[in-house]
Amino acid sequence: MKRYNLLIVLLLLIFNVTTAQKKNSPAADLSILKETKTKIENTVPLVIKHLQAIADKEGDNNIVANGKTALGKEYGILESEWFLYRNNMKNCILNNSSKKAKKCMEYHTQYLRNTFINYNNYISNLTRKNGYLGVEGDTKFDFKPAEISTKLSEAYFSASDAAGRMKSGQKKEFLEQTMSEDNKLTPYGQLAQ
């Protein structure tokens, strides 16, 4: 009788751990990190293209050079906040009870959201129709701060639940994927060529 109980407990434990680690499982899907990275990086060439259109119209390449420098500064702020966010969210889950982890994650998500909004306002104002020097064309970005922040928050809360069903070694390994090179923003210098 005891063997059957132990077998059931072991099967449930294995099921919980494998469910938490399945790539497409909603309980552990952190693919939004890669999607967010791509959305951020895709803004750079669009802004530079707009700056080039202004420079061509005005016959002044300083517009592109100065614009690239200013955009690099904004991108740098976002790049460092993106790194901090991923690291802080991982630490919120690893180092806190679930109640404290939730508060911790909400705080860091709000801070990232504000950084996203600032960046979005900057690139939107720079590229809006009839904007600077009257260059026509409204550049469309697939970058919506509120939507991205919500999806990130949901993914991390699901990851927290999944991590709660793992042993500490598995939990740490699972959460380390958030800090992988795949989720790191490409340096601005490489994007702005």
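**Figure 1. The disulfide of the predicted model.** A search of the whole structure, which is a predicted model, finds 1 disulfide. The bond joins Cys92 to Cys104, with an S to S distance of 1.8 Å.

**Figure 2. Torsion about the S-S bond of Cys92 and Cys104.** The torsion about this bond is about -60 degrees, and the disulfide is therefore left-handed.

**Figure 3. Accessibility of Cys92 and Cys104.** Cys92 has a relative accessibility of 1% and therefore counts as buried, the cut-off for that class being under 20%. Cys104 has a relative accessible area of 22% and is partly exposed.

**Figure 4. Packing of helix α3 against helix α6.** Helix α3 spans residues 62–95 and helix α6 residues 168–176; the two pack at an angle of about 170 degrees, with their axes 10 Å apart. This angle makes α3 roughly antiparallel to α6, because angles over 145 degrees fall in that class. The crossing of the two helices, α3 and α6, is right-handed.

**Figure 5. Residues at the contact of α3 with α6.** On the α3 side, Lys90, Ile93 and Leu94 take part; they meet Lys171, Lys172, Leu175 and Glu176 of α6. Classified by residue type, the contact of α3 with α6 comprises 3 nonpolar and 4 charged residues, with no polar ones.

Notes: Residues numbered from 1 in each chain as written. Predicted model: local features only at pLDDT ≥ 70, side-chain atom pairs only at ≥ 80, totals over all residues. Heavy atoms only, no water. Axes fitted to C-alpha atoms, helices over the stretch in contact; angles between N-to-C directions. Helix = DSSP H or I, 4+ residues; strand = E, 2+ residues; numbered from the N terminus. Parallel < 35°, antiparallel > 145°, perpendicular 65-115°, else oblique. Left-handed = near helix turned anticlockwise from the far one by under 90°. Contact = heavy atoms within 4.5 Å. Nonpolar A, V, L, I, M, F, W, Y, C, P; charged D, E, K, R; others polar. Disulfide = S-S within 2.5 Å. Buried < 20%, exposed > 50% of the residue type's maximum accessible area, 1.4 Å probe, protein only.
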